Every structure is written in C-alpha cells, then in structure tokens.
Amino acid sequence: MDDEEIPLRLTRDQAVVLSDWLYQVMFRSNDLEGIVHDRAVWSPIHAISGTLDKTLSEIFMPDYGPRLEAAKERLRADLYGEADDPTTAGQDTADAPRAHRIERGTARNPGESERGR
C-alpha cells in the first residue's frame, strides 16, 4: 500500500466555500451518509475538512458570512462569467460551467500543466 501524500491546491475562495459545504454536510445536516455511501471515502473527506479547518482563519472571523458569500460570487463569476446564481430554475445547460459541458477528463483546471499530453 502506498501512503505517499498527494498535495491538493485550492484558491482561498475555493477552500472557504468547500470548507463551508463540508461543514454543512458533515455537522449541520448529518447528510454525509446519504451523499457518500462508501465509508472508505469518508477518510479523505475528514482529512480535507480537518486541514481546511486548521488552515482557514476566515471561519472564525465575525464577518465570516459576508466573506463566504463574496467568495461564492467570485467563484460563480469565474465559472460562469458572471456573478448571478447559476442554479436559477429553467436555466439553459449552455450556461453550465465548462467542466460540466466537456467530457470528463478533457477539461483542465487553469494553470494545470500539459503533463501526459
């Protein structure tokens, strides 16, 4: 078994938004079991959540709510080209983020190397 650690890079906005979502799913709603059926997956989820909690000072700031919303808006703008909520009912799938419109495995993250191509 290989226990080599894999570094994961997120922007601060991505980390704040992911941390909040994980907190909501894991601790506020107890939905983790309903979302992730294979308990083996829980180990990396807990590792990521714990790392984010130790790294992000924002989660303890009194203005956390506005900071979280601002991070979400910036991420939406990056994905959709605008800050509007992309989950509006009746929205055309052409407005979906690029990663959702392109076959999995062919879209790269910005800054990702051409390694293996």
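How many residues does α4 have, and what does α4 reach from its first C-alpha to its last? The views below take up this helix and its surroundings. The model is predicted, with local features requiring pLDDT of at least 70, side-chain atom pairs counted only at pLDDT 80 or more, and totals for chains, interfaces and linings using all residues. Residues are numbered from 1 along each chain as its sequence is written, and side-chain values use heavy atoms, leaving out hydrogens and water.

View 1. α4 has 17 residues and reaches 24 Å from its first C-alpha to its last, close to the 24 Å expected at 1.5 Å a residue; the expected span is 1.5 Å times one less than the number of residues. Helices are DSSP runs (H or I, at least four residues), numbered from the N terminus. Y64, L68, A71, L75 and R76 are the buried residues in α4 (buried: under 20% relative accessible area; exposed: over 50%; partly exposed: in between; 1.4 Å probe, protein chains only). Seen down the axis of α4, these buried residues fall within an arc of 135°, so they line one face of the helix; the arc is that of the directions from the helix axis to the C-beta atoms. Their cover includes α1. Just after α4, G81 has a positive phi of about 80°.

**View 2. Helix α1 and what covers it.** α1 (residues 12-28) has 17 residues and spans 22 Å between its first and last C-alpha, close to the expected 24 Å. Buried residues in α1 include D13, V16, L22 and M26. The cover over the buried residues of α1 includes α2 (32-35), α3 (42-55) and α4 (64-80). N30, which follows α1, has a positive phi near 55°.

**View 3. The largest nonpolar core.** A nonpolar core is a set of buried Ala, Val, Leu, Ile, Met, Phe, Trp, Tyr and Cys residues joined through side-chain atoms within 4.5 Å. Among the 13 residues of the largest one, L32 and I45 touch the most other members. α1, α3 and α4 each supply at least two residues of this core, and α1 gives the most, with five. Leaving aside neighbours within four places in sequence, I45 is in contact (heavy atoms within 4.5 Å) with L22, M26, L32 and V36.

View 4. The structure holds one aromatic pair. Y23 and F27 form this pair, which is tilted, at 5.9 Å centre to centre and 40° between the planes (ring centres of Phe, Tyr and Trp, its six-membered ring, within 6.5 Å; stacked under 30 degrees, edge-to-face over 60, tilted for the rest). Both residues lie in α1, four residues apart, about one turn of the helix.
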